[in-house]
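Work through these exercises with the model open beside you. Each task is followed by its solution, step by step.

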Amino acid sequence: MRGPWRAALALALHIGFFVVSLGLVAGLLMMAGMTFRRDTVGGLKVAFAALVVGATLLFCLRAVLRNKVRPRGVPLDRVNQPNLWRTVDQLVDATDSPLPDEIRITSEPSVTVREDTALLGLRTRTRYLEIGLPLLAALTTSELGALLAHAVGRLTGRSRLAVTAHRVLASVQRTRDGLTAGPVKWLFAGYARVFTAIAVTTSRELVLAGDAAAVRVAGKRNAVMALRKSVAVELGWQDYTDEYLSMAATIGHAPDVLLGFRSFMDHPARKPALAERAKQAIAEETGELPVRTRVEMMKRLKSSDKEVDERPAFAILRKPRNAVPELEDNLLVDSLGPRLPWPDVVRQAGAAQAAEKAAQLSAAAHQCGLGVDPTIQGVLVAIHRGHGRDLINPVLNPGLHPSMIDQTAEDTLTDLLGCTVVDALVCAGRAHHELDWGGPPGVRLANGRPIDPDRLVRPAVTDPRLIPGLHRVLVDLGVPLHHTREPAEEPEPVLSGIVSPVQCSGESYDLLVTDRGLLLLPSDASAAKRLLAGTLAMLREAEEEQLSELASRPIPELRERSGAQWVDSRDVASARLDQDKTGWSLELDLYLDEYAMSTLDEVRVVSGRDEGVSVLALRSTADGVEHGEPYHGLSELMGARMELDEPALSLD
């Protein structure tokens, strides 16, 4: 079944979802009335049953109807941005689409329409047109117009039934994902599966309708180029965030985000590489309607040529020189300090990173137990004596696979020693970090010569016999060999996620997975309360707020709570994760001697098969809920020490 008939069936099912619920209560009330005429006691019993069923359905409906779409980003009103609103008005008229209630700028590299609805999508309350700031930097005005036409064109589609069915589908899936464990979650998930199976084709119909609108309004060339380029923008934005925006967050200063991203995308070394990656991503994309299929279908559409506007997309904004920095300031984290030019951001962030790694090398020298002098001179002596592997061991991940330890130790020691050399040169005023939009920031000496710390120190780290030669080179460069930093403090654990609750020694705990170990906190939530959380919206929201509040607390503070149990990653010898029909179990083999970093009550562990090894067993519960990504964090934490039973719980 295809076309509007499938959408009509989906909507009939959805309306029936409400009709059956209300009809069940009405039927019971009618039965109560009819029974009451003949049998007063029997009528009261039926009326009581109707009351119980009605109250239960009311609670269930409240749980699924409270889901809302929250606005994101920064709103742009008509008064301050008349050009943008005028463009959207023209696109809405050209595609016969409903006008969005708000236009908002977000940090996502996409253009989309999000709708806040009532009755699980049957009625629209507020419609948000969201435009990604990265697209304003990387696209032309014509290409942005094509993406806007596609977004608003989807609101009309090829039939009103398909548009409504897709809106309901989005609301049903969003509600299903937002429910926690419990009866409502189980029941509504079944309904969501049935509805999705019927209405899933509406997504394809709306995408094709949006593509047709983009071709009709913006022209075939602009529409195809915008679609292809949006893939490259998404890839580039991820790289730009990881490589450059992270530096701004490190030093606490706001950069010129949009102009920086435009320079990043237009760099001669980046542009062809991103185009090739986008081409490969399009070629490898799978699914019912991949980009390459959409492009081929757009090329077959008839369309007259449209005038091409090659201006940057941010030219659509009024007074972009003032508007763009204001938008960036509103989108960025409030705690970031005054705005800095990108060269200054890179110079300060590079110096801070070098100092941090120099402190890590100093900490390793203090912790390795070899009596190594933490200066550059002392580290060179230790490497020359063949102690490089032992020197760097304290900072290596204890979950590394044995086959990777040697290479990882070499790479880590090379990185930390190279950064320490750079830190010494920067502190002495003999070098600085330099912005390069084509790759990682470079290091340049005061005389203008570039220096590659990896190429400088790796040969000697790999072959300690070359240490004397490295020593002479460092002296010639003017590196202060007595340079050192205060040892870096033990990093605070970073939370990956929470599983609540789990069973340990017959008691309930909230399991917090961090990048340094596992934290078990006594849980006060009963099974009845958690089951009700799936039915009562207030309890569900309170539980979510409680987990969010728990996740916001510093791990050291939580470790001080009464009854808290800490499992340090460095004490874990091995782990085994088993899954069955009722859930999963995790067994940890621990070394709990006088050097152990874990703090566990003796009653929580049992003796293992091997001498000196203790076992801690954890078990999931049927009513458990998750916050964040606990299983992915567990996989990263345990690494090669984790043994998975088949069929294994997915940790990706």
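**Exercise 1.** Find the volume of the second largest pocket and the residues closest to its centre.

Step 1. In this predicted model, the second largest pocket holds about 1,000 Å³ of space. A pocket is an open set of points on a 1 Å grid over the protein atoms alone, where a 1.4 Å probe fits, with protein on both sides within 12 Å along at least five of seven lines; lining residues have an atom within 4 Å of a point. Volume is the space filled by probe spheres set on the points, which are joined across faces, edges and corners.

Step 2. The lining has 43 residues, and Val111, Thr112, Val113, His150 and Arg154 sit closest to the centre.

A note on conventions: residues are numbered from 1 along each chain as its sequence is written. The model is predicted, so local features need pLDDT of at least 70, side-chain atom pairs count only at pLDDT 80 or more, totals for chains, interfaces and linings use all residues, and side-chain values use heavy atoms, without hydrogens and water.

**Exercise 2.** Which helix gives the most to this lining of the second largest pocket?

Step 1. Elements supplying at least two residues each include strand 3 (111–118), helix 5 (141–153) and helix 6 (160–178). Helices (H or I, at least four residues) and strands (E, at least two) are DSSP runs, numbered from the N terminus.

Step 2. Helix 6 gives the most, with 8 residues.

**Exercise 3.** State the volume of the largest pocket and its main contributor.

Step 1. Its volume is about 1,300 Å³.

Step 2. Helix 14 gives the most to the lining of the largest pocket, with 5 residues.
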